[in-house]
Amino acid sequence: MSHAPVRVGILGAGYISAPHLAALARLPEVETVAVCDLSRGRAEALAAQYGVPKTYRDMHEMLANERLDAVHVLTPPEVPERIAAPILGAGADVLLEKPMCETAESSRRLAALAAEKKRHLGVSHNFLFFEPYERLRADVKAGRFGDIDQIDIVWNKELGQVKMGPHAGWLFERPEHVLVEVGPHTFAHLLDLVGDLDRVSVTVGDRTDLPLGREFYRRWEALGWRGTTSVRLRWSFIGGYPEHYIHVRGRSASGYVDFERNTYVMNEHTAQMLALDRFAISARTAQQARGGGGRTLGRYMLGKLGVGEGGKPFPDSIASAVSRFYEGRRHGRLDERLGVRIGIGAVE
């Protein structure tokens, strides 16, 4: 027995929309029927690239003309509530790009509306779906690390807009907005691995003065505790060697996810004497890192040759998040990584 395809609309034609459309194209049960953006030209270019039949400049016109089952809201952080609320009201499910909303209060209101309308509301923190992270997560959930002692999550990447602008937009309106834009990736990992913190302290540094009398801090650090687990979160937006990683130290094992190189290394002691144990750990570390790098390169090369899909970690993680959203929608329950608990908590 065949079912009618899930009719999907795309709201927002910025850079993140292309991997969403590519992800939707992988799903046979989904039909993307419209792209909406304030720039008609940008919407038409994106629609032509992915074979989407309709484009709109006005969201309400799209909702009135198309029978949509779901809409991907791919807009800046300051607008999701006022955009997603009418979509939920029109009877469509919503997948939001992170962050869920600009504030925790608006995030809660949106979650309450989705519950009232009995619609699915998902939030895509796509780094939760990177393959190496999923392996770390599975090991943590399985108890392979034992009691967790420490977690470090680091995002050291230059933010080009600090030098190049534009400086008049929402991102630089207040210093903390950078953590509403970038921080949810880190906060989502924290919430997924350990839950809410019992206490936290934050420091900032490396202030730079921007045009229009605005200020920006290029380094942030948060220290917190969840029970006996200590957590350190760090962001550096200056130029330099790019790093994005999670390190988990437990009583029984240590694990390291390197998002830049798409690898996961997990180490635990062997039953050998100390010198042999250290050698075994070193050999296993090298083997795991080489294996992860090899898999990534192999998938990339196969993708270039047109054999199989994917091969690039970032769009692949978005594809996984999108696939899980429609799988959860089909079964009536979203993956907890897409749920409003993490969505609200990351903003809060």
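Helices (H or I, at least four residues) and strands (E, at least two) are runs assigned by DSSP and numbered from the N terminus. The close-up views described below show a predicted model.

**Figure 1. Ser-107 within helix 5.** Ser-107 has its place in helix 5, which covers residues 104-117. Residues count as buried when their relative accessible area is under 20%. Ser-107 is therefore buried, since its relative accessible area is 0%. When residues up to four places away in sequence are not counted, Ser-107 touches Met-100, Cys-101, Ile-344 and Val-347.

Figure 2. Strand 4 (residues 70-73) and strand 5 (residues 93-97) run parallel and are joined by four bridges. Which residue of strand 5 is the bridge partner of Val-71? The partner is Val-94. Val-73, in turn, has Leu-96 of strand 5 as its bridge partner. Strand 5 is mostly covered, with five of its five residues buried.

**Figure 3. The largest pocket.** The volume of the largest pocket is about 1200 Å³. Its lining consists of 43 residues, of which Leu-74, Thr-75, Pro-76, Pro-77 and Glu-181 are the closest to the centre. Helix 3 (59-65) and helix 4 are the elements that give two or more residues to this lining. How many residues of the lining are nonpolar, polar and charged? The lining of the largest pocket divides into 23 nonpolar, nine polar and eleven charged residues.

**Figure 4. The second largest pocket.** This pocket has a volume of about 600 Å³. Among the 25 residues that line the second largest pocket, those closest to its centre are Phe-187, Gly-345, Ala-346, Val-347 and Glu-348. At least two lining residues are supplied by each of helix 8 (177-181), helix 9 (183-193), strand 8 (199-209), strand 9 (215-226), strand 10 (229-236) and helix 12 (340-347). Which element gives the most to the lining of the second largest pocket? Helix 9 does, with four residues. By class, 16 residues of the lining are nonpolar, two are polar and seven are charged.

Figure 5. Helix 9 is mostly covered, and eleven of its eleven residues are buried. Gly-195 follows helix 9 and has a positive phi, near 90°.

**Figure 6. Val-178 in helix 8.** Val-178 lies in helix 8. Is Val-178 buried or exposed? Val-178 counts as buried because its relative accessibility is 0%. Leaving aside neighbours within four places in sequence, Val-178 is in contact with Leu-159, Leu-171, Gly-183, Phe-216, Trp-220 and Phe-237. One of these residues, Leu-159, is 19 residues from Val-178 in sequence. In space, Val-178 and Leu-159 are 9.6 Å apart, C-alpha to C-alpha.

**Figure 7. The largest cavity.** A search of the whole structure finds one cavity of 30 Å³ or more. The largest cavity holds about 40 Å³ of space. Its lining is formed by Glu-158, Leu-159, Val-162, Lys-163, Arg-218 and Phe-237. Three of the lining residues are nonpolar and three are charged, while no polar residue takes part. Leu-159 and Phe-237, which line this cavity, are also among the contacts of Val-178.

Conventions:
Residues numbered from 1 in each chain as written. Predicted model: local features only at pLDDT ≥ 70, side-chain atom pairs only at ≥ 80, totals over all residues. Heavy atoms only, no water. Pairing = 2+ DSSP bridges. 1 Å grid on protein atoms, 1.4 Å probe; cavity = no way out; pocket = protein on both sides within 12 Å on 5 of 7 lines; lining within 4 Å. Points joined across faces, edges and corners; volume = space filled by probe spheres on them. Nonpolar A, V, L, I, M, F, W, Y, C, P; charged D, E, K, R; others polar. Buried < 20%, exposed > 50% of the residue type's maximum accessible area, 1.4 Å probe, protein only. Contact = heavy atoms within 4.5 Å.
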